[in-house]
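Please keep the sequence and the coordinates at hand while reading.

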Amino acid sequence: MADLVGGGATGVAFDLLMQAVLDVTIKIAGFNSELDHLKSTLISIKPFIDDIEKLNRVLNWRQQGAEALANLFREGEKLIRKCMEIRWWNAIKKYSHAKKLEKYEASLLWFFQINVQVELSRDGKTVAVGVKVLEEKSWCGVPGVPDFVVGLDAQLQELKGMLLKDGVPIVVLSAPGGCGKSTLAKLLCNDDEIKEQEITRRLFEQEPKRTSPMLAEDQLEQLFLQQVGPAPILLVLDDMWPGSKSLIDQFLLPIHGYKILVTSRFVFPQFEWTYKLNMLNHQDAMTLFHHHAFKDGICTVQKHLVEEVVRGCSGSPLALTVVGRSLYRQPQVNWISTVQNWSQGQSIYDTNMVLLSRLKTSLDALDGMEVLKNCFLDLGLFPEDQRIPVAALKDMWVELYNLDEGGMYTLIYLHELSNRNLVNLTLVRKDDQDANDYCKEHFVMQHDLLRELAVHQSSQGSIEGRERLIVEINGNAFPEWLTDRNHQPINVRILSITTDNAFCSNWSNVQIPDVKVLILNFQVKIYTLPEFMERMSCLTVLLVTNYGFTRAILENFPLPSQLNNLKRLWLENISIPSIAPFILQLKNLQKISMITCEIGKAFEVCPISISNTWPNLNEINIEYCDDLVEIPAWVCGLVHLKKIKLGYCQELVTLPPELGNLTNLEVLRLQSCTQLLELPESISGLRELKYLDLSDCVEMDHLPERLGDLCGLQIIRMMGCTALSELPPSVMDLVQLERVICDNEIAYLWKFYEDYLDKLEIVVVKEDVNLNWLHKRPA
């Protein structure tokens, strides 16, 4: 590579950078996508390195520019060679380093787009840059408004009110692709009140992965002010991508007098003011669709067909426009075919490539971030219009992607997807500071078109070659590929089967032996587990969820004994007749979750030899089980348990006196067990207990006298313990206690013991309950 570039520090640094890319690409495969992309970028800028070397000698190009570029190359070489230090199995570090490589490439591109282009133009030379450059450094005035706009009047007023507030320098207008962000920005620019503000300009549109955290403010300021002149009142940056944040931070915000509107598919959490644009309501969606599908004002199609098509577009202006135009002047049989195809599982993207290409760019931006991309695709495994518990996702991702047990990285990835407007993340209790379980009471929902995008992308290629298989059965109509396989095995790792409330058929006799995660979604009162589960010897995660409005009975319990590798079991809205027959044989079970289940009878049977039962079980999670009155004593024989989480079990009255036998217990959650009267005195034997949650245990009027024996206790959460009027004096012995999360009344009780507890921090919070999680939750 030494002959690539002529002499000089810049050329040498460039050569070393390119050599590092080639070396690492040959030796390891984990970053091939990022490095191949970077290599293409280096090849494209190589001619400019030659020109810079010439200009440095002939035109005395500023020394600081050459040095800055050489340093940038050296920084890249170090970053690339660090790829060699990252183990292939460490998904978290790989993801983090891949993002650094992307940011570095973006920095490199920005240096050439701004610094080098400015310098090379000083001598009147014209050099064609091989990447998109600030719309060729052009500026346009106020953009025109589309001929037909619907459903944005109220949003325009809200956005304008936010932008014109005193002390608001920047507003981010954020929404998924195709929602009308640019259209709303154009309406704003043409608003009379805004036009009175002297001058409005629109900067540029950026492509994915072409923005940067590196800008030299002095050079960009020359380019900017020479083009624009005095500071305008409003600057609109349209379709910005994450790396563009530094453009705002380092250059635009320091220049006073601006109001800046950013439109983006992404959320920029660093900026305080964000306006989220929603999809159109049904009435506005019908109006927009009629405009494109019936331009001449004549509608010869049955009304119910129009309604079905509009519903299938899910309020997306882009989808309504694209689909409406595609059906313009088409015979009614084409409309019938469209509705039938969608109802039978065909994707809206199969026949609308324009829609697919527009929305897929957000997914393409995840290339090189494989875990994050897989997390997005996994959301398509769950039914549409249903909230997904983040705790269930954590159970999957711990096994599939080796994410942490506490759920921190699960939540980090979901926040990243939320910032990209690919999911809606809901936190029920915003007051919670529970580092013990980051996923507690979080839920995810996904817009129908984004879920369909995930399903569509997961369905590409042959059945045999897919990572995840998503089966949606309407009535008893099994897909042909599922019934016509002549018993040939299907080698997928993730299988999701969703059936509706008309399903009553026996399962097809298929072979899917390599499934690691199985998700069963149904709506019937009596459900038969698939017979082919008996051959799933690799299954580690089973999620069974009834989305009906009454608890369902699983007809063919117990679970097959062949599931000896099952580690995580999630049961939701199910009537469980007995624990012993169907779960006790699962010797590798590590965690069981029962949500809104009927389990009162399940605990009545006492296993004969509890000491040898579930040797690997370390967590029991029971929530919203309203028939659970007491926890039987035999549960306290599960000596390997580390976590017991009982939430919203509002008929639970008592805990077993033998609770202290669980000597390995680290977490005890009793949140919103509103009838629970007391903790057993034996709790003092839980020397490993680190976390205790008594929030909203409103009937508990005292704590055990020997509570201070909990020598490992670090966090107590005590919101809403309204009956508690005093603390036992032994709490002054809780020398490891770091945090008490409570309200003002309980904080007053703890104030007396602050002098005895050096590590103690009393966190007083105001409870903020978000009831959005109740959306379509079973009764």
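## Terms and source

On a 1 Å grid over the protein atoms alone, a cavity is a set of points where a 1.4 Å probe fits but cannot get out, whereas a pocket is an open set with protein on both sides within 12 Å along at least five of seven lines; lining residues have an atom within 4 Å of a point. Grid points are joined across faces, edges and corners, and a volume is the space filled by probe spheres set on the points.

The model is predicted, with local features needing pLDDT of at least 70 and side-chain atom pairs counting only at pLDDT 80 or more, while totals for chains, interfaces and linings use all residues. Residues are numbered from 1 along each chain as its sequence is written, and side-chain values use heavy atoms, with hydrogens and water left out.

## The second largest cavity

Across the whole structure, the search finds 14 cavities of 30 Å³ or more. The second largest cavity holds about 110 Å³ of space, and it is lined by 14 residues, of which Ile 631, Val 635, Ile 644, Leu 646 and Leu 659 are the closest to its centre. Two or more lining residues come from each of β18 (619-623) and β19 (643-647), where strands (E, at least two residues) and helices (H or I, at least four) are DSSP runs numbered from the N terminus.

By class, this lining has 14 nonpolar, no polar and no charged residues; Ala, Val, Leu, Ile, Met, Phe, Trp, Tyr, Cys and Pro count as nonpolar, Asp, Glu, Lys and Arg as charged, and the others, Gly among them, as polar.

## The largest pocket

The largest pocket has a volume of about 1500 Å³, and among its 42 lining residues Trp 342, Ser 343, Gly 345, Glu 384 and Glu 472 are the closest to the centre. At least two lining residues are supplied by each of α12 (303-312), α14 (332-343), α19 (448-458), β9 (468-473) and β10 (494-499). The lining of the largest pocket has 15 nonpolar, 15 polar and 12 charged residues.

## Cysteines

A disulfide is a pair of cysteine sulfur atoms within 2.5 Å, and by this rule the count comes to 0. The sulfur of Cys 673 is 5.2 Å from the closest cysteine sulfur, that of Cys 649, which is too far for a bond. Cys 673 is buried (under 20% relative accessible area, against over 50% for exposed and in between for partly exposed, with a 1.4 Å probe and protein chains only), its relative accessible area being 0%. Cys 636 is also buried, with a relative accessible area of 4%.
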